[in-house]
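Please read this briefing alongside the sequence and the model.

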Amino acid sequence: MWAGRAAAYRRSAERLCAHPVPDLLDAARVAEGVGHLDVGCGTGTVVEAARARGAHVTAVDAEPDMVAATGARVPQARVEHGTLPELPFPDAEFDAATANFVLNHVGDPIAALTELHRVLRPGGRVAVTLWRNPDAAGQTLLGRAAQAAGVTPPAGRAGPGVDFARTGDGVAGLLRTAGFADVRGTELAWEHPADAEEWWAGFADGGIGTVGTMLGALTQEERAAAKAHYDRLAEELAGPDGRLLLPHIAVLAHGVKA
């Protein structure tokens, strides 16, 4: 679902997903001189912010288009192709690791976190974000529009035994299972401002993520019906200036390798 989508992601969800980045880096204590690994780097917002703090940044992503986008954006960083849960690094390589909205895209989150534990030095810190469930109204707007038009969402990726509660406590529990100590899980809530037409087009035309894949597969008639429902639902989330104010809630969890 992400192949060749770097440009579309930058036009749509990049600014939304960048909102928790300062808190994410604070939780991982990314600062000047810290050896920092960012996994699932996407188009490089975390990498850029970490470099601005003076960290020595290494970034990986499973999608070559994202690797190229991050490398072009932050040429001072080391950017490589890499896929959780098998990263191309030796044990105890980094002081800090981050994963911004990555755990919701892996089949086995415990295996992914265990791999991050492996590549961290003792005392190293990990911080992760993902979307909370139940979702906030802004997170479900596009999906609700598609479902109102009769479109069935795809099945979730996580299989039996690897699913988990998308809450602060739920994600904190994953970190503990992966071997991390001093674990904390919190929630971040904010309203994301967006132009209604640009928000629709960024996903429906760009095809990013699960909802973008779903919208991109619609027939012309289904798309028109989904857009009509979207326009109606979007009115409920419009601010005083007519732009959307989309409520979102993310989980931020962090821990230490003892």
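Predicted model: local features only at pLDDT ≥ 70, side-chain atom pairs only at ≥ 80, totals over all residues.

Residues are numbered from 1 along each chain as its sequence is written, and side-chain values use heavy atoms, with hydrogens and water left out.

**Confidence**

- The mean pLDDT of the protein is 92, and 96% of its residues reach 70 or more, where pLDDT is the predictor's confidence in each residue on a scale from 0 to 100.
- Over residues 156-161 pLDDT stays under 50, and for this stretch the model has 4 contacts beyond four places in sequence, a contact being heavy atoms within 4.5 Å.

**The sheet**

- An open sheet is formed by 7 strands in the order E3-E2-E1-E4-E5-E7-E6, with mixed pairing; helices (H or I, at least four residues) and strands (E, at least two) are DSSP runs numbered from the N terminus, and two strands pair if DSSP finds at least two bridges between them.
- Strand E3 (78-81) and strand E6 (180-194) stand at the edges, and because each has a single partner strand, one side of each is left without a neighbour in the sheet.
- From one strand to the next the twist averages 20°, with axes taken as lines fitted to C-alpha atoms, for helices over the stretch in contact, and angles running from 0 to 180 degrees between N-to-C directions.
- E6 runs antiparallel to strand E7 (residues 244-257) and is joined to it by 13 bridges; Ala181 has Val256 in E7 as its bridge partner, and Pro193 stands opposite Leu245 in E7.
- E5 and E7 also run antiparallel, joined by 7 bridges, and here Arg125 stands opposite Val256 in E7.
- E7 is mostly covered, since 12 of its 14 residues are buried; buried means under 20% relative accessible area, exposed over 50%, and partly exposed in between (1.4 Å probe, protein chains only).

**Helices H8 and H6**

- In helix H8 (residues 168-177) the buried residues are Gly168, Gly170, Val171, Ala172, Leu174 and Leu175, and their cover includes helix H6 (109-119), strand E5 (120-131), E6 and E7.
- After H8 comes Gly179, which has a positive phi near 105°.
- H6 has Pro109, Ala112, Leu113, Glu115, Leu116, His117 and Val119 buried, and what covers them includes E1, strand E4 (94-100), E5, H8, E6 and E7.

**A buried histidine in the sheet**

- His36 lies in strand E1 (residues 35-39) and is buried, with a relative accessible area of 0%.
- Not counting residues up to four places away in sequence, His36 touches several residues, among them Leu25, Val30, Val46, His56, Phe94 and Thr98.

**Aromatic rings**

- The structure holds 5 aromatic pairs; rings of Phe, Tyr and Trp (its six-membered ring) pair if their centres lie within 6.5 Å, and planes under 30 degrees apart count as stacked, over 60 as edge-to-face and the rest as tilted.
- The rings of Phe89 and Phe94 have centres 5.2 Å apart and planes at 90°, so this pair is edge-to-face; Phe89 counts as buried at 5% relative accessibility, and Phe94 counts as buried at 3%.
- Trp200 and Tyr230 form a tilted pair, 5.2 Å centre to centre with 45° between the planes, which links distant parts of the chain, as Trp200 is in helix H9 (residues 196-204) and Tyr230 in helix H11 (residues 220-235), 30 residues apart.
- Both Trp200 and Tyr230 are buried.
- One aromatic cluster is formed by Phe101, Trp131 and Trp190.
- Over the ring of Phe164 sits the charged end of Arg166, 4.1 Å from the ring centre; a charge sits over a ring if NZ of Lys or CZ of Arg is within 6 Å of the ring centre and within 35 degrees of the ring normal.

**A loop glycine**

- Gly207 lies in the loop between H9 and helix H10 (209-216), and Gly207 is buried, with a relative accessible area of 7%.
- Gly207 and Leu245 are 38 residues apart along the chain, and their C-alpha atoms are separated by 22 Å.
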